[in-house]
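I opened my notebook to look at how the parts of this model touch. Here is what I looked up.

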Number of protein chains: 2
Amino acid sequence: MPILHPSLRAPITAADRVLLEIQRAIVEGDIVAGSKISEPELAKRFDLSRAPLREALARLERCHLIERIPNAGARVVKLSTQGLLSLYQLRETLEGMACRLAAEHMADDEIAELRALLDQHLSTQRVREGESYYQEAGDLDFHYRVILGSKNEYLINILCDELYHLVRMYRVQLGMNGPRVSRAFDEHKAILNAIANRDGELADLLMRRHIAASRRNIEKQLDQTGN
Amino acid sequence: MPILHPSLRAPITAADRVLLEIQRAIVEGDIVAGSKISEPELAKRFDLSRAPLREALARLERCHLIERIPNAGARVVKLSTQGLLSLYQLRETLEGMACRLAAEHMADDEIAELRALLDQHLSTQRVREGESYYQEAGDLDFHYRVILGSKNEYLINILCDELYHLVRMYRVQLGMNGPRVSRAFDEHKAILNAIANRDGELADLLMRRHIAASRRNIEKQLDQTGN
DNA sequence: AATAACAGTATTGTCGACAATTAGACTAAA
DNA sequence: TTTAGTCTAATTGTCGACAATACTGTTATT
């Protein structure tokens with residue numbers, strides 16, 4: 001049972017609903033990266049007026065999925081090697097920090113739950129190698145809980161609300177499903193142990209390495225598919 | 001002559017203008033921290049309709065100056081010791097990172113400009129001890145340039161757009177004008193030297209210390225004024 | 001007296017239309 | 001041919017009104 005962060009609350013308003021739909025569409029590439037966004041077109045497509053749509057666009061800009069220029073319109077963000085590098089560079093620092101804080105602030109039962117989660121993933125993962133979806137979800141769930149464990153509201157907001165979907169977009173559109181799965185599990189386990197031992201410094205280090213490895217993995221994919 | 005970041009472009013639309021006004025009002029305490037925000041009232045007060053006002057509110061939420069609850073309304077953020085701690089904790093990590101990257105990526109002439117800026121501040125500062133405004137501005141300008149020097153778009157966005165005004169709000173409303181001025185100058189100088197020497201690790205460390213000192217200074221003020 | 005249901009009021013969410021601005025096509029001059 | 005300018009069309013920004021939801025004070029019931 002996943003923990004609920006405010007950002008994942010049930011969609012209340014029409015703007016909430018359309019936000020989720022457009023978010024998914026952009027992340028999955030259904031709305032092509034780099035393409036222009038037409039407010040009238042989207043309004044017709046999702047059958048609502050421009051008011052809630054613009055509200056949704058404002059939030060999409062907030063999580064870096066679109067870029068808006070006053071009086072000119074919005075474009076879906078374009079994926080680039082530079083952007084990927086900057087994003088993962090930042091993640092290394094931020095999630096490392098989150099890990100260190102988690103080692104200091106997570107309650108014992110939270111750590112126990114996290115361990116249970118990992119075990120469950122490991123067992124569920126009589127790894128049909130193909131099904132990268134669940135691996136992806138499991139990976140994100142682990143990171144998610146560690147971040148929440150930091151208990152720093154601003155840090156949580158940045159990682160879970162602002163950067164989360166962009167990270168997913170890079171992963172999905174670059175076809176992240178390499179053979180890094182089992183190794184990632186080991187790394188998660190090591191990080192968990194560091195947190196359980198209240199060794200923030202080590203947890204920080206391990207998380208940085210973990211993300212750096214993940215970044216190199218994606219970069220490799222990126223090279224293969226053709227720069 | 002200050003460098004222009006996208007976030008500081010001239011206000012084009014009515015939403016931009018009212019955003020700046022409300023932002024200032026909140027930061028300066030003109031709109032009291034923790035108070036409720038009434039859309040009709042603000043719309044009347046600034047003489048525009050609710051559409052651009054809501055656009056402005058969306059951006060205010062983005063920089064953590066207000067908190068919105070669906071169907072219930074928005075409140076100005078409440079200042080708290082916990083919030084201050086979380087904010088400065090994050091700044092330590094992020095600006096440390098920015099410093100390290102700046103040491104790697106800043107062009108030589110950018111560094112020269114930064115040095116000129118510091119010298120100018122030092123001379124302009126035949127320190128009328130009272131005028132904390134210019135000291136404040138100078139301090140922010142220095143940090144600002146270092147952050148831009150990191151060349152990491154996401155990092156820049158977070159520090160300059162999302163956290164900047166909240167930091168100012170804490171400083172202003174807690175009356176930051178202590179006797180830390182001259183020491184801050186020395187610290188800036190040391191940081192600059194580390195950057196000029198391309199010593200990212202040292203620059204990181206010094207910036208972290210600098211911000212930690214700044215945080216302790218504010219906390220002291222906070223204790224005196226009454227928890 | 002305390003609590004629960006209810007009505008009335010005020011606020012937020014959404015809509016359709018209009019105004020302001022920009023992008024693109026076309027024309028005219030160098 | 002290129003460039004500058006203009007005009008048209010489309011898009012974004014803004015407005016006022018309506019619908020849906022949440023708050024408040026009252027009433028009724030236990």
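Buried area is the accessible area, with a 1.4 Å probe, that two parts lose on being put together, summed over both. I kept in mind that this is a predicted model.

**Entry 1: chain A against chain B**

I looked up the buried area first. Chain A and chain B bury about 2,700 Å² between them. Carbon and sulfur atoms hold 57% of it. On the chain A side, Arg62(A), Leu90(A) and Tyr154(A) lose the most area to chain B. Together they give 23% of what that side buries.

Next I noted who takes part. The contact takes 30 residues from chain A and 29 residues from chain B.

**Entry 2: pairs across the interface**

I found four salt bridges between the two chains. One of them joins Glu55(A) to Arg68(B), with the closest N and O atoms 3.6 Å apart. I also noted four residue pairs in polar contact across the interface. Which helix gives the largest share of the side of chain A that touches chain B? It is H4(A), with ten residues. By class, that side has twelve nonpolar, nine polar and nine charged residues.

**Entry 3: DNA strand C**

I counted 20 residues around DNA strand C. Thr13(A), Ala14(A), Ser49(A), Arg50(B) and Arg54(B) come nearest.

One is 2.4 Å from a polar backbone atom of Ala14(A). A polar side-chain atom of Arg54(B) lies 2.5 Å from a phosphate oxygen.

Note on methods. Residues numbered from 1 in each chain as written. Chains lettered and ligands numbered in written order. Predicted model: local features only at pLDDT ≥ 70, side-chain atom pairs only at ≥ 80, totals over all residues. Heavy atoms only, no water. Contact = heavy atoms within 4.5 Å. Salt bridge = Lys/Arg side-chain N within 4 Å of Asp/Glu carboxyl O. Polar contact = N/O pair within 3.5 Å; in protein donor to acceptor, adjacent residues only side chain to side chain. Helix = DSSP H or I, 4+ residues; strand = E, 2+ residues; numbered from the N terminus. Nonpolar A, V, L, I, M, F, W, Y, C, P; charged D, E, K, R; others polar. Near = heavy atom within 4 Å.
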